Amino acid sequence: MKKALSIAILIMASLTAGAQVKIAVHETRPGAVIPAEIYGQFSEHLGRCIYDGIWVGLESDIPNQDGYRTDVLEALKALKVPVLRWPGGCFADEYHWRDGIGPRKNRPKMVNSNWGGTVEDNSFGTHEFLNLCELLGTEPYISGNVGSGTVEELAKWVEYMTAESGTMAELRTANGREKPWRVKYLGIGNETWGCGGNMTAQYYSDVFKRYGLYTRNYGGNRLFKVACGASGDDYEWTQTMMANARRHMDGLSVHYYTVDNWDDKGSATDFTPAEYYETITKTVEIDEILRNHIAIMDAFDPEKKVALILDEWGTWYNVEPETNPGHLFQQNTMRDAIVAGLNLNIFHKYTDRMKMANIAQIVNVLQSMILTKGREMVLTPSYHVFRMYSVHQNAEFIPTECECGDLFSERGRVMKDFSVSASRDADGRLHISLVNPRLDEAREVELSFDSLRPKAVRAEILSAPAINSFNEFGVAPAVAPLKFDGIRLRNGRLMLSLPPASIVVLEL
């Protein structure tokens, strides 16, 4: 790791921390259900996400099930992936779906001009993606080509996937699939303010309505149409879209990446304490961004008919040395686990409006769940957070109040120095996720309840030898969850001590 930050800055961070964190859990005041789709994933034709990550083909010597890597498939099943976005991203607006159907040997090759100039053989297309979703029990989220595609092309794709009869259904049947798939989520364009067409919000709002009109519902399939939304804090985009197209959309997206400096994003593994604090104080700015977009949507849509969809989020660093810069391959450390926990705790607060979030990306790209190299696979620290937090899927949000200190970055950003979220599942079990983001101090935590008197508690903890610890190929994992026993019951309250830079999920 780089030479540690000066002692003065670490002391400044320490002085703001209280020795104890007090949390009031209001289990008698439940809120909205946390949609499982908040734990969504994103799979783009980018680097080794699809090829080598998910798909190796039937002829590969890597163990596979119908071409899908067996190890990755099983790991994703354990993750309970609720929704999977594909084929992009920027790639979506140069993808023509007819190139990815029919006999694989006849499919045309294409140059992935967005991401590293890789030549792809289109062996992973519509059938391969939708069959994968069926294997995983996940909802497919199709990102449609608006940038370089036509209305007819997207309309025919929807028909091909979901119609029970007609020419497109006959073509699908000829390609080996008689029964239509169920496709719920349809994104009409991606980042149309940039790689998806360099459009203005006013222009795109009309484009969206046109494409949306001709993407039909067939049989019992009902599309949930997502309009391309803003990048970060571009509130004017949201204002324009809600003013011009809200009656035609089911969801409006927003993208937010945790990047402190786009010119030099920093190393994924070699960073100072100061850089760590800049990262986590930057990532929690999503709280204000979500709140402001929601306020605009509330003004136009007080009945909350239009969902907010955060379909790209996560950390973004410089690529690993000696890798293709266009493949966005980065390692994943305990820092990324902290980022994931902080974000998911924030998302839970807004699920009366926010109905989906898709972390970027699922395998081998950016803040991925899984990394592969040849026959080897590792689960990242972020994977473990998503697996531990899966207990919140489709559970009832439980409000909490947290008394803690503040944490300041070197550049003056400020955040609370502890994070908590709680939910109650259909079986009445209460789950509480706790994040101690501080590097320099364990936290003594006291949890009280409205009327609940806990009698039994189970818990898992995720921590690491260092904040830049990561899981390497061929080596025992440095970051993996363990059973957590450090909980005391006292007069109906829970007492526990969280080590520095750790995440705990409790089950009561």
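Contact here means heavy atoms within 4.5 Å. The structure is a predicted model, in which local features need pLDDT of at least 70 and side-chain atom pairs count only at pLDDT 80 or more, while totals for chains, interfaces and linings use all residues. Residues are numbered from 1 along each chain as its sequence is written, and side-chain values use heavy atoms, with hydrogens and water left out.

Helices (H or I, at least four residues) and strands (E, at least two) are DSSP runs numbered from the N terminus. In α2, the residues L73, L76 and K77 meet L132, L135 and L136 of α3. Of the residues in this contact, five are nonpolar, none is polar and one is charged, where Ala, Val, Leu, Ile, Met, Phe, Trp, Tyr, Cys and Pro count as nonpolar, Asp, Glu, Lys and Arg as charged, and the others, Gly among them, as polar. The axes of α2 (residues 70-79) and α3 (residues 126-136) come within 10 Å and cross at roughly 55 degrees, which makes α2 oblique to α3. These axes are lines fitted to C-alpha atoms, for helices over the stretch in contact, with angles running from 0 to 180 degrees between N-to-C directions; angles under 35 degrees count as roughly parallel, over 145 as roughly antiparallel, 65 to 115 as roughly perpendicular and the rest as oblique.

F124 belongs to the largest nonpolar core, which has 116 residues and in which F124, Y204 and F347 have the most contacts. Such a core is a set of buried Ala, Val, Leu, Ile, Met, Phe, Trp, Tyr and Cys residues joined through side-chain atoms within 4.5 Å, and buried means under 20% relative accessible area, with exposed over 50% and partly exposed in between (1.4 Å probe, protein chains only). Helix α10 (residues 334-347) supplies the largest share of this core, nine residues.

Rings of Phe, Tyr and Trp (its six-membered ring) pair if their centres lie within 6.5 Å, and planes under 30 degrees apart count as stacked, over 60 as edge-to-face and the rest as tilted. A search of the whole structure finds 20 aromatic pairs. W55 and F124 form one that is edge-to-face, at 5.9 Å centre to centre and 70 degrees between the planes; this pair links distant parts of the chain, with W55 in the loop between β3 (40-42) and β4 (64-65) and F124, 69 residues apart from it, in the loop between β8 (118-120) and α3. Both W55 and F124 are buried. Y204 and F208, in turn, form a tilted pair, at 6.2 Å and 50 degrees, and are separated by about one helical turn because they stand four residues apart in helix α6 (residues 201-214).

S205 is found in helix α6 and, leaving aside neighbours within four places in sequence, is in contact with M241, N244 and A245; at 0% relative accessibility, S205 counts as buried. E120 lies in strand β8 and counts as buried at 4% relative accessibility. With the same exclusion of neighbours within four places in sequence, the contacts of E120 include H45, Y51 and F91.
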